[in-house]
Amino acid sequence: MNAPVGTTVAVESARDFSFIKPAKRRLTEYEAVTIRQQWETGGFDKGGHFLTPADGRAPWRTESTALAHPDWFAFRDPAQLWQRPYIRMQAEQERAIERLTEDSVEAGAFADTDRAWLDEFIAGHYRVWSFFENGLFRAFAPAQREALSDCLGNALCFQAFDQMRHAQAIVSHLVAAEAVVPGLSDAGAKQRWLEDPAYQPLRRLVEQLVATDDWCEIPIATNLVILPLISEVAIGGLIRRQGPLHQDAISPYIALTADRDRRRNAAWTQALVKMVLDDKVPAATANRQVIEAWLVKWQSRALAAIAGLAPIAARVPAGAVDLTPLLVAARAQQDKLLEAAGLDAALLAELPS
Amino acid sequence: MQHIIETHNRVKEFDWQFSYVDKPQRYPTKYKIPKRTKDPFRHLIRDYCSMEQEKDDRQYGAMSDVMARAGLPGKASQRWMEIMKLVLPVTGFGEYAAVKSTGQLVDTIDNAELRQGYMAQMIDEVRHTNQVAHLTRYFAKHAHDPEGFSNGIALRSKSIQCRAGRAALQGFFAGDPIEGAINLQAVVETAFTNPLFVAMTEIAAANGDQATPTVFLSIQSDESRHMANGYATLAAVVSEPDNLPMLQQDFDRAFWRQHNFFDPLLSAVYDYFQEERSSSYLEKWTEWVDHDWAGAYIRKLEPFGLKIPRWFDEAKERMFWVGHTAAMVVYAAWPMMFWRHDPLNARDFEWFEKKYPGWYNHFGKWWEDFAAMSDPSSGMIPLMAMENLPPLCRVCHMPGVFPRPDIATMRVRMINGKKHGFCSDACEHIFREEPQRYLGSPTLFEEFDGMELGDFIEQNGFLRADGKTLIGQPHLNAKRMWTLKDIRALHYEIKDPLHKLPVQEVL
């Protein structure tokens, strides 16, 4: 046997992660703390599934979505969010809401707010919306469990948290308002959510979303259809725009923070769509068909939910609101979202409003 | 405070009974969960975000502003820093698996109050995953030897320890969501995060590693809430008498699976990689796991019918030896590892004999031989001195050498014409309960059976940046590092030991 000799030369080694291919020239902090935290059996990682559920199926399954992509780990969140900047952003938003509420209470601003607005639209409509947000949270939490990569799983996690944040902010606002506005109460909100015919298409829609198994369908339906249309009309049109007319500064601000989240979530969903429709992806054509079918399905449901809200819009104290121009504007914005994602907005043009 | 209580009371009412669709049962559970329970922390997002932001600022600020500028990671004990190359990817996957577990719990547990706790934990676990990855990258940038930090994640699936870690930690989400919660919250977070995130930080700090305590203690500050989640979940489960037999069975299994991975690993890390020596892992285990977890936490649930896990006494008995055996395995297979292994010295020998009387008789000679084989000029690696490698357990993927090689409880069974090794009565029992859950992956030795060790190292990325020198080394001497050429000269072949071992029972 030849005598081994060993090396006597100190080896210069890389001083950064070498197992992640950066999307741009340099590895970002987001990429470094996010990518390859999930094992990729049969790809990046050797071995199989070391433990499975009782039915023996794999804990992560390619058939968990109808979309196909050779490398789900190639996704990058345009906002480059990981936990620290995400929490910092939400802490700032929540602090701003809290201070605005405190200052409003100190200034006696609630006394100036239209009382019918508070009763009907804040303790009523906006509080009812918190149940819808809770439904969205319940849809996104299991979607993150099923995601086929960490970068997508984390984006879904953050959106689950976003929706619950909005739901809780509405409730917290009501609790603060009730403390200074005698007789104000949200006591009937849950009943309205469950029984008021105006909200039943909306409730049906969110129950259908929670029952949706495909973890890609959930963000695509929510961020390219449901929120751009329903949130824009039901919250943008009825809370954000109408609040100032009723001397309510807080509710529109809460809605604006949710809009900020909504823009961010739309952006990463567009990135996801572009990734699966890329010409280099073998299943791009099939992916397009799947996504288009989802869009048509959820567009109809979303339009039905908005139509159901007409009686609510008619009760705005400052004057009945016609939802049609709001929906037209929302659809125009939705067209831009779809086109920027590489989708054909004309696909939805024929659907009745 | 009244505002928080009132807000939380209303948040608890967020749920409703679906009437338009039947929600699919994505993660079937055999348990009945009452709709009303207690979330002792009253998780609300506003306070949560503010609290976590403050903790993040403290931790990341300390790392970037003080430690890096002072060059602290480069001054820490090299022996200690080497094993962090293993600890971090294992810990990171545990945190990631916990993210998945909480997603299942939100979907399955029809209880809005518990769901709020799971939601906060879900983001906590993303936080911890990010923190561990950040710490790993920080060490890649600042530690004495970056190899293994910079690429350990790419090597994890070719590592015995990381594969065993995945097998255990996947218990957080690959199964009944309540079983996952028992594994995650009631066993790992309550029994083992104290030894991992608290006790280990004492050793890290004593050995000059200030970054690990900064990160781990920040993680542990979230774990107390998770323990409360676990307690709330357990309390909810035991309040339904029908749940009890299933709960005890899952609890028994969860404890064994997690003990059988964590205790050998932590014990080897703790006892064999500390240079400035203090307490032993056995002492810490006795305090945190035996007294605090089994003696206090679990005993509080005994009036409800939950008993100390079935194999707890056996685990306790094995604790004296499992760390030494695990360390021997890690050191013996050093060319297949992605960190360097500092041989023990006379001071270490003295400490081991003092902390574990009788240690020398069983292990002392082995460590003397190891030191003699550490230079490439020896032409020997410990694997060559072993007549047979131990088979890897079909259930836990740990080597079948525990508690100690001469009294190993390993056994070989023939099932449907295929040989399976089991490391213990408990793992065999667990396999027999649900065999289909453990057949989804070959063991490392099955996967690489027949491969030349040199090929294993070269093809799987266990070489340093020069493409010649091994990442794993049996010493810390940068001037006498083993090369691929040294290994190829040994003509050592990885062989699945199951081929040679006789079958003791056909099932």
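Tutor: Let us begin with pockets. A pocket is an open set of grid points with protein on both sides within 12 Å along at least five of seven lines, and its volume is the space filled by probe spheres set on the points. Please keep in mind that this is a predicted model.

Student: What volume does the largest pocket have, and which residues are the closest to its centre?

Tutor: The largest pocket has a volume of about 680 Å³. It is lined by 31 residues, and B:D15, B:K35, B:D110, B:N111 and B:R115 are the closest to its centre.

Student: How does one describe the second largest pocket?

Tutor: In the same terms. The second largest pocket has a volume of about 460 Å³. Its lining has 18 residues, and those closest to its centre are A:K21, A:P22, A:A23, A:A74 and A:R76. This lining holds nine nonpolar, seven charged and two polar residues.

Student: Let us turn to chain A. How many helices and strands does chain A have?

Tutor: Chain A has twelve helices and zero strands. The C-alpha atoms of chain A fill a box of roughly 95 × 50 × 40 Å along the principal axes. Chain A has 353 residues, and 63% of them are buried.

Student: What do the contacts in chain A tell a reader about separation in sequence?

Tutor: One takes the contacts between residues at least 6 apart in sequence; in chain A, 80% of these join residues at least 24 apart.

Student: Which residues are buried in helix α16 of chain B?

Tutor: In α16 (residues 425-433) of chain B, the buried residues are B:A426, B:C427, B:E428, B:I430 and B:F431. What covers the buried residues of α16(B) includes α10 (244-272), β1 (411-415) and β2 (418-422) of chain B.

Student: How should I read the contact between the two chains?

Tutor: One may begin with its residues and its area. The contact takes 99 residues from chain A and 105 residues from chain B. Between them the chains bury about 9200 Å², 58% of it on carbon and sulfur atoms. The count between chain A and chain B is ten salt bridges. One salt bridge joins the side chains of A:D45 and B:R156, at 2.9 Å from N to O.

Student: What is the general idea behind such a pair?

Tutor: Side chains of opposite charge can pair when their charged atoms come close. Over all chains the count comes to 82 salt bridges.

Student: Where in chain B do B:E6 and B:R10 lie?

Tutor: Both lie in helix α1 (residues 2-11) of chain B, four residues apart, about one turn of the helix. B:E6 forms a salt bridge with B:R10, and the closest N and O atoms are 2.9 Å apart. B:E6 is partly exposed, at 26% relative accessible area, whereas B:R10 is buried, at 12%.

Student: Which residue forms a salt bridge with B:E52?

Tutor: The partner of B:E52 is B:R225, with the closest N and O atoms 3.1 Å apart. B:E52 lies in helix α2 (residues 45-70) of chain B and B:R225 in helix α9 (residues 211-238) of chain B, so the pair ties together parts 173 residues apart in sequence.

Student: Which residue of helix α5 of chain B pairs with B:R225?

Tutor: B:R225 forms a salt bridge with B:D124, the closest N and O atoms being 2.8 Å apart. This pair links helix α9 of chain B with helix α5 of chain B, 101 residues apart. B:R225 is buried, with a relative accessible area of 6%, and B:D124 is buried, with 0%.

Notes:
Residues are numbered from 1 along each chain as its sequence is written. Chains are lettered from A and ligands numbered from 1 in the order in which they are written. This is a predicted model: local features need pLDDT of at least 70, side-chain atom pairs count only at pLDDT 80 or more; totals for chains, interfaces and linings use all residues. Side-chain values use heavy atoms; hydrogens and water are left out. Buried means under 20% relative accessible area, exposed over 50%, partly exposed in between (1.4 Å probe, protein chains only). Helices (H or I, at least four residues) and strands (E, at least two) are DSSP runs, numbered from the N terminus. Contact means heavy atoms within 4.5 Å. On a 1 Å grid over the protein atoms alone, a cavity is a set of points where a 1.4 Å probe fits but cannot get out, and a pocket is an open set with protein on both sides within 12 Å along at least five of seven lines; lining residues have an atom within 4 Å of a point. Ala, Val, Leu, Ile, Met, Phe, Trp, Tyr, Cys and Pro count as nonpolar, Asp, Glu, Lys and Arg as charged, and the others, Gly among them, as polar. Buried area is the accessible area (1.4 Å probe) that two parts lose on being put together, summed over both. A salt bridge is a side-chain nitrogen of Lys or Arg within 4 Å of a carboxyl oxygen of Asp or Glu.
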